[in-house]
Amino acid sequence: MNASNPVIDTLRADRALVVVRASRLEDPVALCHALAAGGIRTVELTYTTPGLTNLLADVTARAEDDIVIGAGTVLTVDQARAALAAGARFLVTPGLPAEAAEIVAAGHAAGAAVVLGALTPTEVLTATALGADAVKIFPARAVGPRYFSDLRGPFPEVALIPSGGVDDDNAAEFLRAGAIAVTAGTSVVKPADVDEARWEQITTNAARFRAALR
């Protein structure tokens, strides 16, 4: 893997990030602050939410300095560059898109971390060869924590992050199996809570998820 990146260092320290899936997001700064209050500083907003670059720019301009904001569901180098220009500090792909090499190059040129998605050992090997700072195993629910123990054998130095199906009940198992951090999703950020601006509930969810890691 590449030399240490500040985003990856934060993930190793906090052991968690949140991916936000929302049909609309009117106040991304309030959401990020609610998550940080619950102990999760790293937030992945995705291209499945309309107006992603404007949301990233808003967080970059107004959020507290300890918020680490990134862009997910990145499929093209143009999307990567737009997200980086808006302030994204990391990029995440759901798999290995055709422009994965260009996405890694764009991210690293901007000083951002790049997390490439993979599932099979061959895909993990490809992601590392392309220079990914970490590899997202997706969907993690399809393989479970024991799979991460198996991957540690041939890939002891690869920073693995499970995503998809990680919740309070199994998050600690993924960490014990060798993941550097786990990705929370709708178990922490429910779309209905976002729509209704229930920030205190999101803080409570985030704190509960962090507690489950211990």
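Me: What classes of residue make up the lining of the largest cavity?
Reply: In this predicted model, that lining has 6 nonpolar, 2 polar and 2 charged residues. Ala, Val, Leu, Ile, Met, Phe, Trp, Tyr, Cys and Pro count as nonpolar, Asp, Glu, Lys and Arg as charged, and the others, Gly among them, as polar.

Me: Which residues line the largest cavity?
Reply: Leu11, Leu17, Thr42, Glu44, Phe90, Val92, Val115, Lys136, Ile161 and Thr183. Strands E2 (42-46) and E4 each supply at least two residues of the lining. Strands (E, at least two residues) and helices (H or I, at least four) are DSSP runs, numbered from the N terminus.

Me: How much space lies in there?
Reply: About 60 Å³ lies in the largest cavity. A cavity is a set of points on a 1 Å grid over the protein atoms alone where a 1.4 Å probe fits but cannot get out, and lining residues have an atom within 4 Å of a point. Points are joined across faces, edges and corners, and the volume is the space filled by probe spheres set on them.

Me: Ok, and the largest pocket, what lines that?
Reply: The largest pocket has 16 lining residues, with Val19, Gly164, Gly165, Gly185 and Thr186 nearest its centre. By class they are 4 nonpolar, 7 polar and 5 charged. A pocket is an open set of points with protein on both sides within 12 Å along at least five of seven lines.

Me: Switching to H4. Which of its residues are buried?
Reply: In H4 (residues 77-85) they are Val77, Ala80, Ala83 and Leu84. Seen down the H4 axis, they fall within an arc of 125°, so they line one face of the helix. The arc is that of the directions from the helix axis to the C-beta atoms. Buried means under 20% relative accessible area, exposed over 50%, partly exposed in between (1.4 Å probe, protein chains only).

Me: What's on the face turned away?
Reply: Asp78 and Ala85, both exposed.

Me: And what do the buried ones pack against?
Reply: Helix H3 (52-62), strand E3 (68-72), strand E4 (90-92) and helix H5 (100-109). Contact here means heavy atoms within 4.5 Å.

Me: How many aromatic pairs does the search find?
Reply: The search of the whole structure finds 1. Phe148 and Phe174 are edge-to-face, 5.3 Å centre to centre with 85° between the planes. Rings of Phe, Tyr and Trp (its six-membered ring) pair if their centres lie within 6.5 Å; planes under 30 degrees apart count as stacked, over 60 as edge-to-face and the rest as tilted.

Me: Are those two buried or exposed?
Reply: Both Phe148 and Phe174 are buried.

Terms used
Residues numbered from 1 in each chain as written. Predicted model: local features only at pLDDT ≥ 70, side-chain atom pairs only at ≥ 80, totals over all residues. Heavy atoms only, no water.
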